[in-house]
Amino acid sequence: MTEETYIVETADPVLFCGVNNSNIHLLKALFPKVRIISRGNAIKCGGEEADVEAFTGLLSKMEKHLAEYNTINEDIIRSLAKGKETMQPGPDNLILHGINGKPITARTMHQQELAEAFEQNDLAFAIGPAGSGKTYTAIALAVNYLKSKRVRKIVLSRPAVEAGEKLGFLPGDMKDKIDPYLQPLYDALEDMIPPFKLKEYLENHIIQIAPLAFMRGRTLSDSVIILDEAQNTTPQQMKMFLTRLGFNSKMIVTGDVTQIDLPGKISGLVEALKILDNVKGIRIINFDKQDIVRHRLVSRIVEAYDKSKRQEQEI
């Protein structure tokens, strides 16, 4: 007789065990000779050595599948128990699997171009209109690098500039005050990482979300660093951010030069695009309204504003 304790480390224990421990009940049916006790992320098992070894081997396969696909069910567990391969190749444009196994892909030509530029260069600029998937694709690429252990952390940043309105004196601590500016970044992460794992990443600073002002003085190595809404940086802020790049790191800068909210100042993004246009190791991807993947009305709204601006320039 032998006893072992298996610790679920890379997957959400709630998803691993199933609703009302349904997956644990299934495992007990599959291994009737093994005593199984589940507590949180620890699963204790006892029985004949061969049975316990087969049981823990299945647990390992389940955890690997759940970490990759963010989903697991009875059919998958039975297939794994029979030794069948469940890791199916995704589409060519697959970046990673999000919550509930949802495939997150590069959905347009320029999103795919950004994915390729990210692999081939240490710094990429993604420029284009609202809704074209610049930030979402960038964060998906970063999460993929983190899951595959090619980097140790993700750093996401935004300039804290209001889009036309003043938020005033917000209550709460520093996190409470800056979170409204950073919510779009949280929204994307919540699509890609289970709540349990995302909370762990944030608490352990594996994923860091901070306003641009907090970047000064840092050198970021073994990281994917993303600057969102970069059109609202000053030239000094942009230079400061770009020089944070450390060893074994990659950086993506996203922005829309038609939505500059800086009052009477030159945009650091506009200046950087001119200065860095022909620098080796940097790619600039220009998204357009054809890349807009939000509600179909969004592309029509962008087109209407572009048309109005062209008419004003002709007068």
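A pocket is here an open set of points on a 1 Å grid over the protein atoms alone, where a 1.4 Å probe fits, with protein on both sides within 12 Å along at least five of seven lines; lining residues have an atom within 4 Å of a point. The model is predicted, with local features requiring pLDDT of at least 70 and side-chain atom pairs pLDDT 80 or more, whereas totals for chains, interfaces and linings use all residues. Residues are numbered from 1 along each chain, and side-chain values use heavy atoms, without hydrogens and water.

The lining of this pocket comprises 25 residues, with Thr10, Ala67, Lys147, Lys149 and Tyr201 nearest the centre. Two or more lining residues come from each of α3 (49–69), α6 (134–147) and α8 (195–203), helices being DSSP runs of H or I of at least four residues, numbered from the N terminus.

Buried residues (under 20% relative accessible area, 1.4 Å probe, protein chains only) of α3 include Phe55, Leu59, Met62, Glu63 and Leu66. Asn70, with a positive phi near 60°, follows α3.

The whole structure contains 0 disulfides, defined as pairs of cysteine sulfur atoms within 2.5 Å. Cys17 is buried at 5% relative accessibility, and Cys45 is buried at 3%.

Conventions: Buried < 20%, exposed > 50% of the residue type's maximum accessible area, 1.4 Å probe, protein only.
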